[in-house]
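Hello,

Here is the structure for you to look over. My notes on pockets and cores follow below.

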Amino acid sequence: WVSSADYSEDLRIGPEILKTSIDAYRKMRNTLRWMLGNLAHYQGEKPNVKDMPELEQLMLHRLAELDDVVRKGYDAFDFKRIFAQLFNFMTVELSSFYFDIRKDALYCDAPSSAKRKAALYVVHELFDHLVRWLAPMMPFTMEESFQTRAGSDEGSVHMEQFPDVPSEWKNDALVEKWKKIRAVRRVVTGALEIERREKRIGSSLEASPVVHITNGDLMAAIEGHDMAEICITSSITISGDPGSSDAFALDDVAGVTVIPAMAEGKKCARSWKVLPEVGSDPDYPDISPRDANAMREIDGKA
């Protein structure tokens, strides 16, 4: 509450205000806890930034942007701005976007997967920056997180400096490109939310939507990207033709319409994707070929 309060005005406090602070703290703590769980698999790999998938490069760019906000904020004792920026980053950009997309690669890709290794490296960097940035405002929780990651109670996050951010992490052009990709994603997730609300699907992985894009800039932005992965569907069809008049659209994303459809095939017992090729591997009859190859590697049969 202290960190999020604007001390330049009269301070307000009460049960509802504290409840908001409790909810914010719990969300941030759970985000760090999720990162700690995944970092148990991090082997210290440091991939070349330019070789990483664009999504990982985007998250490193956001860390570089936030580094400037955090340093200037602490110099100006502007705790409210730092807290708001980091809270929104952790809940909106990480939990609801980046982590949501990358759960599949982190949980289901083979240990040798370059995408998985890049994601683990980025989670490692996210954790190292966030625990240090938040330590002055959430000292006990960040100390607990820091020592859990270190595997001992020796050392302290409060003796650490803020990490330096490499200049190569900045990539403004990538940000503009991903604004367009996320705009397309918003239309797809909006359409699927209606399907969930109407009980036609339970999970977005049960869907295989058809996305009609007549906006050339948006079509160019998504080229080469796995939009099924980004939209968290089992598959997806991208068309340059105009959609039907009853297709789902958003007023603020011109040139994109979505027609929801059910995914065809069987549900993979490991990734929960619905795919026609599930069961094609005789050694692992209840999972997809991607997951079968991952399990073969994990079981030492690769």
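**Pockets and cores**

Helix α3 supplies the largest share of the lining of the second largest pocket, six residues. This is a predicted model: local features need pLDDT of at least 70, side-chain atom pairs count only at pLDDT 80 or more, and totals for chains, interfaces and linings use all residues. Residues are numbered from 1 along each chain as its sequence is written, and side-chain values use heavy atoms, with hydrogens and water left out.

Some terms. A pocket is an open set of points on a 1 Å grid over the protein atoms alone, where a 1.4 Å probe fits, with protein on both sides within 12 Å along at least five of seven lines; its lining residues have an atom within 4 Å of a point. Volume is the space filled by probe spheres set on the points, which are joined across faces, edges and corners. Helices are DSSP runs (H or I, at least four residues), numbered from the N terminus.

The second largest pocket has a volume of about 300 Å³. Its lining counts 15 residues. Nearest the centre are Lys 103, Asp 104, Leu 205, Ile 232 and Ser 271. Two elements give two or more residues each: α3 and α8 (227–231). By type, the lining has seven nonpolar, two polar and six charged residues. Here Ala, Val, Leu, Ile, Met, Phe, Trp, Tyr, Cys and Pro count as nonpolar, Asp, Glu, Lys and Arg as charged, and the others, Gly among them, as polar.

Now the largest pocket. It holds about 570 Å³ of space. Its lining has 27 residues, with Trp 1, Ser 4, Ala 5, Ser 21 and Phe 83 nearest the centre. Two or more residues come from each of α1 (15–39), α3 (79–108) and α5 (139–150). α1 gives the most, eight residues. The lining splits into 15 nonpolar, five polar and seven charged.

Next, the cores. A nonpolar core is a set of buried (under 20% relative accessible area, 1.4 Å probe, protein chains only) Ala, Val, Leu, Ile, Met, Phe, Trp, Tyr and Cys residues joined through side-chain atoms within 4.5 Å. The largest has 73 residues. Met 35, Leu 94, Tyr 98 and Leu 126 have the most contacts inside it. Another core, of six residues, lies apart from it and includes Cys 268, Leu 275, Tyr 284 and Ala 292.

Last, α9 (residues 289–298). Its buried residues are Asp 291, Ala 292, Ala 294 and Arg 296. Their cover includes α3. Just after α9, Gly 300 takes a positive phi of about 75 degrees.

Best regards

Note on methods:
Buried < 20%, exposed > 50% of the residue type's maximum accessible area, 1.4 Å probe, protein only. Contact = heavy atoms within 4.5 Å.
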